Amino acid sequence: SWPAAKSIMTPLGIVEGEVLEYLDRHQTASLRRLNRELEAPSYMAMMAVGALIRAGLVRGAQRDLEVVVKLRKPLRKLCQENPGGVR
């Protein structure tokens, strides 16, 4: 079960990190696969992907009936460019 929280910001940030880590290991993933493989509720995974797209860290593309997401740059490169944090 997913823990209830008064603020959605911390859990959303955690799921964003999980999405980034997953994409760093697998290069690409469909939203369907992220929903299946992450332990977060599907709405949190969707919100995390949307936040990462808005932040410019990942890109999304529709392929047939699926949305596929991919890191814009490898995490190591992002961390080197911004040593204080990814954001």
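What share of the 87 residues in the protein is buried? Buried residues make up 31%; buried means under 20% relative accessible area, exposed over 50%, and partly exposed in between (1.4 Å probe, protein chains only). This is a predicted model, where local features need pLDDT of at least 70, side-chain atom pairs count only at pLDDT 80 or more, and totals for chains, interfaces and linings use all residues. Residues are numbered from 1 along each chain as its sequence is written, and side-chain values use heavy atoms, leaving out hydrogens and water.

**Fold**
- The protein has four helices and three strands. Helices (H or I, at least four residues) and strands (E, at least two) are DSSP runs, numbered from the N terminus.
- Along the sequence, the pattern reads α-β-α-α-β-β-α.

- S30 lies in strand β1 (residues 28-30).
- S30 counts as buried because its relative accessibility is 12%.
- The S30 side chain reaches the backbone nitrogen of R33 at 3.0 Å.
- Q27 sits in the loop between α1 (9-26) and β1.
- Q27 is partly exposed, at 48% relative accessible area.

- R63 is in strand β2 (residues 58-63).
- With 51% relative accessibility, R63 counts as exposed.
- D64 falls in the loop between β2 and β3 (66-71).
- D64 is exposed, with a relative accessible area of 74%.

**Backbone angles**
- Most residues other than glycine have a negative phi.
- Q27 is not a glycine, yet has a positive phi of about 70°.
- D64, also a residue other than glycine, has a positive phi near 55°.

Conventions: A polar contact is a pair of N or O atoms within 3.5 Å; within protein, one must be able to donate a hydrogen and the other to accept it, and residues adjacent in sequence count only if both atoms are side-chain atoms.
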